[in-house]
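Welcome to this short tour. Open your viewer, keep the selection tool at hand, and follow the stops in order.

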Amino acid sequence: MDYVDRIERARFLGREFLVWLWHESEAKEGVLTLSNGEACEVWLEAQLTLVGAEDEKSESKLKSAMPSASPEAKEALRQGKLPIKAKLRIARGTQTWGFLLNADTLSIASVQIPALLKEENDEKFYERMELVETLETILDDLLGQFIQLRTSETWDGQVMPQLRDWVRAA
C-alpha cells in the first residue's frame with residue numbers, strides 16, 4: 001500500500017474527529033480538558049458542511065450563528081452524513097481563535113488569532129506565529145485525545161453508543 005492509499009483509507013478519521021468534537025462540545029457545555037489539565041472552550045459556529053458517507057454529492061451546507069444546534073444538522077447526522085468542514089472557535093483563558101477545519105486534510109484556514117499586544121512589526125510577527133503555534137498545539141492535543149480514544153476498546157464499548165444516542169435524541 002502506498003502513501004496515498006494510506007491517506008485515503010484514514011480520511012474518515014478527520015470526519016469522526018469533528019463529530020467527536022461536536023459531541024464533546026455539546027455534552028460538556030463547550031469546556032474540554034487538554035492533556036495538561038488546562039481547560040479550553042470549543043464550539044462549532046457559523047459554518048458546517050456535512051456529506052454522505054457513501055454519496056459525497058449528498059451535501060448539507062449550513063450557515064447560521066450555531067449551525068451545529070440546528071435541526072438540519074442533527075437530521076444530516078441521522079442520515080449518515082459526516083462533517084467535512086466546520087468553523088470552530090477555541091478559547092483558552094482570555095485568548096480566542098476562530099478557524100475553518102477541513103476534516104479530510106485536517107488543515108486549518110481563515111484563522112483568526114487573538115488580538116496582538118506587541119507594538120513593533122517584528123514583535124507582532126513573532127507574536128502572530130506564537131499564537132498560530134498555540135492553536136496548532138491545542139488542536140494536536142485534542143486530536144491526540146481523539147486518536148487515543150478511537151483506538152481504544154472504550155470507543156466501541158462506550159463512545160459509539162453515546163454518539164448513537166446523541167444523534168438519535170437530537
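Predicted model: local features only at pLDDT ≥ 70, side-chain atom pairs only at ≥ 80, totals over all residues.

**Stop one: H3 and H5**

Select residues 71-78, which form helix H3, together with residues 153-169, which form helix H5. Their axes lie 8 Å apart, and the packing angle is about 130 degrees. By the convention above, H3 and H5 are therefore oblique to each other. Turn the view until you look through both helices: their crossing is left-handed.

Now show side chains. Which residues of H3 meet H5? On the H3 side you will find Lys-74, Leu-77 and Arg-78, and on the H5 side Trp-166, Val-167 and Arg-168. By type, the residues of this contact between H3 and H5 are three nonpolar and three charged, with no polar ones.

**Stop two: H4 and H5**

From H4, pick Phe-146, Leu-149 and Arg-150; from H5, pick Thr-154, Trp-155 and Val-159. These residues make the contact, and they divide into four nonpolar, one polar and one charged.

**Stop three: Arg-15**

Next, go to helix H2, residues 12-27, and select Arg-15. Is Arg-15 buried or exposed? Its relative accessibility is 7%; because buried means under 20%, Arg-15 counts as buried. Look for the partner of its side chain: a polar contact of 2.7 Å joins it to the side chain of Asp-104. Beyond neighbours within four places in sequence, Arg-15 also has contacts that include Val-51, Glu-56, Leu-82 and Pro-83.

**Stop four: Gln-47**

Finish in strand S2, residues 39-52, by selecting Gln-47. With 24% relative accessibility, Gln-47 counts as partly exposed.

For a last exercise, draw a distance from the C-alpha atom of Gln-47 to that of Arg-11. The two residues are 36 residues apart along the chain, and their C-alpha atoms are separated by 21 Å.

Note on methods
Residues numbered from 1 in each chain as written. Heavy atoms only, no water. Axes fitted to C-alpha atoms, helices over the stretch in contact; angles between N-to-C directions. Helix = DSSP H or I, 4+ residues; strand = E, 2+ residues; numbered from the N terminus. Parallel < 35°, antiparallel > 145°, perpendicular 65-115°, else oblique. Left-handed = near helix turned anticlockwise from the far one by under 90°. Contact = heavy atoms within 4.5 Å. Nonpolar A, V, L, I, M, F, W, Y, C, P; charged D, E, K, R; others polar. Buried < 20%, exposed > 50% of the residue type's maximum accessible area, 1.4 Å probe, protein only. Polar contact = N/O pair within 3.5 Å; in protein donor to acceptor, adjacent residues only side chain to side chain.
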